[in-house]
Amino acid sequence: MKEFATLIRILSNSTKTNEKLDALSKYMATADAADRLWVLALFTGRRPKRTVNATQLSNWCLQMTGLPAWLYEECYHTVGDLAETIALLLPPGKSISVHPLHYWIDQLIQLEKAEETTKQTFILKAWEELDTSERFVFNKLITGGFRIGVSQKMMVNALADTYDIPAATISHMISGNWDPQKTTMEALLNENITEADASKPFPFYLAYALETGPAELGTPEQWQAEWKWDGIRGQIIKRNGQLFVWSRGEELITEKFPEYQPLLELLPEGTVLDGEILTYANGFPLPFQTLQTRIGRKNVTRKQLQEAPVAFLSYDLLEWEGQDIRTTALQERRELLEQLVEKINHPALRLSPAITFHDWGELAAFRLQAREKGSEGLMLKKLDSAYQVGRKRGDWWKWKIDPLTIDAVMIYAQKGHGRRSNLYTDYTFAVRDGDQLVSFTKAYSGLTDKEINEVDNWVKRNSLEKFGPVRTVKPELVFEIGFEGIAASNRHKSGVALRFPRILRWRKDKPVAEINTLTDLQQLLQMHKQ
Amino acid sequence: MQVLQFTDKGIYCPAGDFYIDPWQPVERAVITHAHSDHARYGSKHYLCHHDSVYLLQLRLGQDISVQGAAFGEVIRYNGVSISLHPAGHIIGSAQVRVQQGNEVWVFSGDYKVENDGISGQFEPVPCNTFITECTFGLPIYNWQPQAVIFSNIRQWVHDNQAAGKNSVILGYSLGKAQRLLYHLRDVTDQIWAHGAIYIPHQLLREKGWDLPEIHRITPETPASAYKNNLIIGPPSAADTSWMRRFNPYALGVCSGWMQVRGHMRRRNADAGFALSDHADWTGLLQAVRATGAEKVYTTHGFSSAFARYLTENGIPAQEVKTEYGDTDEELNIPETTSNEQ
């Protein structure tokens, strides 16, 4: 466990990709075999099932320390991480444990059906045996989410380094539906076995944003344009007589979308489609909020199927007749895809249309219609491009529309998490409605570190009231809020819900008297209602 | 009896007509220690501990009117007795005890209870009312013994040497820097320091403090001088071009705030050491209880939480607003370090 705690410390402290990669590679080359597999699992989102919850951990910590609950809360809001808060609050441990990482994970998994008292005894004993840094990672195993800036890509590179296998191959090997309890690193990295695992998706090819416009991309004849959809990127796989649906987060989500089940019969064996999972009705995508109602649930109700039906808007074909065709030119893949979709002719499988255009000016005009089409901009793909692995520059670009904007005033502030712990970084904003202020959104990112410090200082000096972790502040600071979409909502006081709201800039030049009004928001809603 | 009052200029004693650590110019100022948020420019007369006198002169000018006092020495103003008592925060730091009749109030200034070897041993002063700082007044802030921290720092320096890197540590130039130098004097062949640290350091050596010889970094210092050595800079040097000359280097930050990972990650440091000159949670509670005070005012830090906790545990306490360094004192102190040049 010490080695794992050290790894986490290095990874979370370092800001340099190379150092992180070194630390990971070194760990992968030296650590206990079972520990290595678990580290791979943890950093690729395969956390062990949660057998103890955060409330239980908090309660046992309170019992052990004798602190009042409000003070515990105060500490949590300052640290911004539950696992770390508890590690810091517990009395010094004995630091006597020699058990490896996988021992602790196995023990935690075995608690699944245990009585609460058994769980408590185990956790308290673990806390007693571990030192502060080990306790932190132990708690993290339970609460999840290490958030230490290790991307899938970095993990892949570290393994490629250690095992001397090309990164793209590793990427494929470690994707898909494997269980660290049932396999070994050797098995996972053994290609024959990999091939037998029919469910594996291909690593997604992701595009960078086109910042300046398409002029420098060369002649339009070399490019294909498509609408960029605001759904869930996914792959549909038919292999070994089974259908698998994967999200970009490499989550197997087949069960959530029964609409796709007819495709099991219709798709030929050995097919992999890349496309967008969207809620879709009458030939038009529905707002993202409707898709959200489908994500969080395992069992879909009939009502949901009626109100938020999904379709798959396909835009690429990665495997055809059992052959990996990712290196074939997009143009050819597209032709096969179009024939396939036409032949299958099922409402759940659609083609994401290609946009016909003759010059960049014409395309720019199409882009301005994106919102009316229910899309968030355009995708530009080179006709001769291969389907690459991960985010790559050059052949694919996303060219999104400018966000909608509203100038609003900050009315509440709350401390952030992780790198932003103990800093007021989470804000709630309001627009004017007569002489009232109506809150309409929260927004986080978008300010520089310097601006965040400035706002943080201001919040500390200008709070009016404190509700738990939230401070009400003088309505004085004005920000421009950008968002991708707007929908009616009866869950919010303002009557609207925004899609991907964020701070675009701090409008120090603008007095509160000049911020936007609720009427302005309602007008945006009318204009962009789908 | 309200022996001390909280006014918009600072903590005021009406009977004695003097202020303690005022943040605006006043006639008579009693100063707990020489940090810039406590010792400000512009007052007519200053009173502080003997060892703070020259530090005050260094920072506020040689021409200030300043009187020194020894720990425990009693000075009377208008029938009010003032005495200074060790606070253990930095060299020359003191708590201020004020007695009017039988009523005793103590202002802690900044303090820590662990003896760092140069700043004196914090001494609890029995009183009726105790005004305490609580920069780290949450139970997540409990420090490891300094022996452990210094051993970790030494290990880190050695690891850096093995990796072919110089070791740069950032720490408050008055207080933290001397404490580091006192404890790490032999960690590398030479120790190099920024002028903001070198100047008070030389002054303290002249005054007879047992501090090691260090070298001042100038634009002419060759890069080879830093090889394998320890370099100490003020926190404001972070992310500036001044740091480039130390390449290849690893950056360590010494501050109580390093206790929390998020804080450390914000600093873009390679290592954080939770070494503080402020009392930790246990130290604060211990200090408050040892005074036997019936009433406590908390200021400077997590004051509302600390006051509530004390009150719930039988010691009536109340938060007061002062203008001493906010909770990020050790993190963002550009004005302090430039004053110290």
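Helices (H or I, at least four residues) and strands (E, at least two) are taken as DSSP runs, numbered from the N terminus. The model shown in these views is predicted.

**View 1. Loop position of A:E514 in chain A.** A:E514 is placed in the loop that connects β21 (502-506) with α20 (518-528) of chain A. A:E514 is exposed because 11 C-beta neighbours lie inside 10 Å, and a residue with 12 or fewer falls in that class. Relative to A:A83, A:E514 is 431 residues away in sequence, and the C-alpha to C-alpha separation in space is 43 Å.

**View 2. Domains 2 and 3 of chain A.** The division of chain A gives domain 1 (1-143), domain 2 (205-400) and domain 3 (404-528). Between domain 2 and domain 3 of chain A, the C-alpha centres are separated by 33 Å. Contact between these two domains involves 6 residues of domain 2 and 6 residues of domain 3.

**View 3. The side of chain B that touches chain A.** Here 22 residues of chain A are in contact with 19 residues of chain B. Two helices of chain B, α5 (261-266) and α7 (303-312), each contribute at least two residues to the chain B side. Of the elements on that side, α5(B) gives the most, with 6 residues. By class, the chain B side comprises 8 nonpolar, 6 charged and 5 polar residues.

Key:
Residues numbered from 1 in each chain as written. Chains lettered and ligands numbered in written order. Predicted model: local features only at pLDDT ≥ 70, side-chain atom pairs only at ≥ 80, totals over all residues. Domains from an automatic or database assignment. Contact = placed C-beta atoms within 7 Å. Nonpolar A, V, L, I, M, F, W, Y, C, P; charged D, E, K, R; others polar. Buried ≥ 20, exposed ≤ 12 C-beta atoms within 10 Å, placed from the backbone.
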